[in-house]
Amino acid sequence: MDDAGRKRRVLRTLVAVTDENGRPVSVLLIAESMECDPEVVRGVLDSLRAYEFVGSPADGRYEPTVTGREFLALDIDAESFVVVDTSGDHS
């Protein structure tokens, strides 16, 4: 799976798991739902947070932002999913 597809899958899973639990959720819970390595999921979530698609309260859990939810509501296919980093920080 390419990077854009992975980001979209993690964001969709985050929305589903957050909605199911009614509150921000841990990386471990998301990773278990995806059957994926928690460190991979954490890296993707942190990337999505930089784009303001994901928020993270002080307790280290994650939740989708309104922007993230609106993005997923757009009618685009997985091949059209592109996130553009305009910050200039390419680390």
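How exposed is D3, going by its relative accessible area? D3 is partly exposed at 43%, where buried means under 20% relative accessible area, exposed over 50% and partly exposed in between (1.4 Å probe, protein chains only). D3 sits in helix α1, and its C-alpha is 8.7 Å from that of V44, 41 residues away in sequence.

## The model and its layout

This is a predicted model, with local features needing pLDDT of at least 70 and side-chain atom pairs pLDDT 80 or more, while totals for chains, interfaces and linings use all residues. Residues are numbered from 1 along each chain as its sequence is written, and side-chain values use heavy atoms, leaving out hydrogens and water.

The protein chain has four helices and two strands, running α-α-α-β-β-α from the N terminus. Helices (H or I, at least four residues) and strands (E, at least two) are DSSP runs, numbered from the N terminus. Of the 91 residues, 33% count as buried. Among contacts (heavy atoms within 4.5 Å) with a separation of 6 or more, 52% come from residues 24 or more positions apart.

## Where α1 meets α3

Helix α1 (residues 3-21) and helix α3 (residues 38-50) have axes that come within 10 Å and cross at roughly 90 degrees. That makes α1 roughly perpendicular to α3. Axes here are lines fitted to C-alpha atoms, for helices over the stretch in contact, with angles from 0 to 180 degrees between N-to-C directions; under 35 degrees counts as roughly parallel, over 145 as roughly antiparallel, 65 to 115 as roughly perpendicular and the rest as oblique.

On the α1 side the contact uses R6, K7, V10, L11 and L14, and on the α3 side V40, V41, V44, L45, S47 and L48. These split into eight nonpolar, one polar and two charged residues (Ala, Val, Leu, Ile, Met, Phe, Trp, Tyr, Cys and Pro are nonpolar, Asp, Glu, Lys and Arg charged, the others, Gly among them, polar).

## The core

In the largest nonpolar core, V41, L45 and V54 touch the most other members of its 19 residues. Such a core is a set of buried Ala, Val, Leu, Ile, Met, Phe, Trp, Tyr and Cys residues joined through side-chain atoms within 4.5 Å. Helix α1 gives the most, with five residues. Leaving aside neighbours within four places in sequence, V41 contacts V10, V27, I30, A31, M34 and C36.

## One aromatic pair

A search of the whole structure turns up one aromatic pair. F53 and F71 are stacked, 5.0 Å centre to centre with 25 degrees between the planes. Rings of Phe, Tyr and Trp (its six-membered ring) pair if their centres lie within 6.5 Å, and planes under 30 degrees apart count as stacked, over 60 as edge-to-face and the rest as tilted. Both F53 and F71 are buried.
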